[in-house]
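Subject: Structure handover

Hello,

Here is the structure I promised to pass on. Please open it first, then read my notes below.

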Amino acid sequence: MTNLGALKRQVVHRVQRLVINPVGRQLPVTMIETTGRKSGLPRRTAVGGRVVDGQFWMVAEHGDHSDYVRNIKANPNVRVRTGGRWRNGTAHLLPEDDAVARLGSLPKLNSAVVRMMGTDLLTIRVDLD
């Protein structure tokens with residue numbers, strides 16, 4: 001990754017951590033809750049995605065560089081809040097999936113932001129209980 005890509009990821013990460021996620025926790029937006037790989041505490045992150053046939057699909061804009069992706073690697077048991085309701089599930093990282101194509105089937109506004117801000121796209125599927 002170029003220095004520009006790394007800088008972009010750092011800036012986006014800081015804005016998300018300091019602004020977007022705190023606001024998202026207070027609003028009825030779609031979120032994923034993972035278990036912190038170091039702390040063991042619940043970690044909530046605002047995300048965009050869609051439920052299709054009992055599975056929640058999303059694309060992480062920074063792939064393995066995202067804290068919630070690292071948390072999923074350590075413990076794939078997650079909760080997803082969609083439509084104001086929390087649902088348990090098991091997350092699967094799908095690096096072989098075409099994340100750009102996947103964005104075409106997800107909510108348009110979020111997908112546009114992920115395309116614009118993303119540096120290392122990664123598809124995630126959550127099999128909901």
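In which helix is Leu 7 found? Leu 7 sits in helix α1, which runs over residues 3-26. Please keep in mind that this is a predicted model.

**The patch**

Leu 7 belongs to a nonpolar patch on the surface.

**Helix α2**

Next, helix α2, which spans residues 67-74. Which of its residues are buried? They are Tyr 68, Val 69, Asn 71 and Ile 72. These residues lie on the same side of α2, because they cover an arc of only 155 degrees around the axis. On the other side of α2, Lys 73 and Ala 74 are exposed.

What covers the buried residues of α2? The cover includes several strands: β1 (31-35), β2 (42-46), β4 (55-60), β5 (77-82), β6 (85-94) and β7.

Asp 67 also lies in α2. Asp 67 is partly exposed, at a relative accessible area of 32%. Leaving aside residues up to four places away in sequence, Asp 67 touches His 13 and Arg 37. With Arg 37 there is a polar contact between the side chains, at 3.4 Å. For a sense of scale, take Asp 67 and Ala 112: they are 45 residues apart in sequence, and their C-alpha atoms are 21 Å apart in space.

**Salt bridges**

Side chains of opposite charge can pair when their charged atoms come close. How many salt bridges does a search of the whole structure find? The search finds seven. Here are three of them.

- Glu 33 and Arg 44: their side chains meet at 2.7 Å, N to O. This pair links distant parts of the chain, with Glu 33 in strand β1 and Arg 44 in strand β2, eleven residues apart. Glu 33 counts as buried at 12% relative accessibility, whereas Arg 44 is partly exposed at 32%.
- Asp 97 and Arg 102: their side chains meet at 2.8 Å, N to O. Asp 97 is partly exposed, with a relative accessible area of 22%.
- Asp 127 and Arg 125: their side chains meet at 2.8 Å, N to O. Asp 127 counts as partly exposed at 25% relative accessibility. Salt bridges that share partners also join Glu 33, Arg 44 and Arg 79 into one network.

**Arg 125**

Where is its place? Arg 125 is in strand β7, residues 122-128. Is Arg 125 buried or exposed? Arg 125 is buried, because its relative accessible area is 19% and the class holds for values under 20%.

The side chain of Arg 125 also makes a polar contact with the side chain of Asp 127, at 2.8 Å. Which residues does Arg 125 touch, not counting those up to four places away in sequence? They are Gln 55, Phe 56, Trp 57, Thr 90, Ala 91, His 92 and Leu 94.

**Where to start**

Then turn to α2 and its buried side. Finish at Arg 125 in β7.

Best wishes

Methods. Residues numbered from 1 in each chain as written. Predicted model: local features only at pLDDT ≥ 70, side-chain atom pairs only at ≥ 80, totals over all residues. Heavy atoms only, no water. Helix = DSSP H or I, 4+ residues; strand = E, 2+ residues; numbered from the N terminus. Buried < 20%, exposed > 50% of the residue type's maximum accessible area, 1.4 Å probe, protein only. Polar contact = N/O pair within 3.5 Å; in protein donor to acceptor, adjacent residues only side chain to side chain. Contact = heavy atoms within 4.5 Å. Patch = residues over 30% accessible without salt bridge, like charges linked within 9 Å, V, L, I, M, F, W, Y side chains within 5 Å. Areas by Shrake-Rupley, 256 points an atom, 1.4 Å probe, with all protein chains shown as cover. Salt bridge = Lys/Arg side-chain N within 4 Å of Asp/Glu carboxyl O. Arc of directions from axis to C-beta.
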